Amino acid sequence: MSPADDTAVAAVRVVLPFHLRNLASVSDEVTLQVTRPVTTNTILGALEARYPMLQGTVREHVTKQRRPKVRFFANNEDITHQPPDQPLADAVSNGDTPFMIIGAIAGG
């Protein structure tokens, strides 16, 4: 299968913030099997399916909207406000760089 095949599965690395790692009982980044095309929504769906205790922590239960204090990074770029069904960079889909979920930090 070619990487562009929609039925292919990608191994995506995901970095979680400290409090979500504790909730999911993981110590490091997680690797998820995600159906291509890899998007923010497909990653979050796979994350919630594998770690049900994270449902509602990153996005709302019903609307599936991102929680206000959560940011997403892919390929070292802030993609928080990009459409959640937009395909992500090949580096993320191939597992070369992780998809990062970050808790927003305020202060000065």
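A salt bridge is taken here as a side-chain nitrogen of Lys or Arg within 4 Å of a carboxyl oxygen of Asp or Glu. In this predicted model, Arg 67 and Glu 60 form such a contact, with their closest N and O atoms 2.8 Å apart. Both partners are partly exposed: the relative accessibility of Arg 67 is 25%, and the relative accessible area of Glu 60 is 31%.

**Salt bridges**

The structure holds 5 salt bridges in total.

| Arg 59 | Glu 48 | 3.0 Å |

The side chain of Arg 59 meets that of Glu 48 at 3.0 Å, N to O. Because Arg 59 lies in the loop between α2 and β3 (70-74) while Glu 48 belongs to helix α2, this pair ties together parts that are 11 residues apart in sequence. Arg 59 has a relative accessible area of 6%, and Glu 48 has a relative accessibility of 7%. Since buried means under 20% relative accessible area, Arg 59 counts as buried, and so does Glu 48.

In contrast to the buried Arg 59, Lys 64 is partly exposed, at 40% relative accessibility.

**The largest pocket**

Attention now turns to the open space in the model. Rolling a probe the size of a water molecule over the atoms shows where empty space is left. The largest pocket contains about 200 Å³ of space. Its lining comprises 14 residues, and those nearest the centre of the pocket are Gln 65, Arg 66, Phe 72, Thr 80 and Pro 84. By residue class, the lining consists of 5 nonpolar, 6 polar and 3 charged residues. Helix α2 (residues 40-50) gives the most to this lining, contributing 3 residues. Helix α2 is also the element in which Glu 48 lies.

Notes
Residues numbered from 1 in each chain as written. Predicted model: local features only at pLDDT ≥ 70, side-chain atom pairs only at ≥ 80, totals over all residues. Heavy atoms only, no water. 1 Å grid on protein atoms, 1.4 Å probe; cavity = no way out; pocket = protein on both sides within 12 Å on 5 of 7 lines; lining within 4 Å. Points joined across faces, edges and corners; volume = space filled by probe spheres on them. Helix = DSSP H or I, 4+ residues; strand = E, 2+ residues; numbered from the N terminus. Nonpolar A, V, L, I, M, F, W, Y, C, P; charged D, E, K, R; others polar. Buried < 20%, exposed > 50% of the residue type's maximum accessible area, 1.4 Å probe, protein only.
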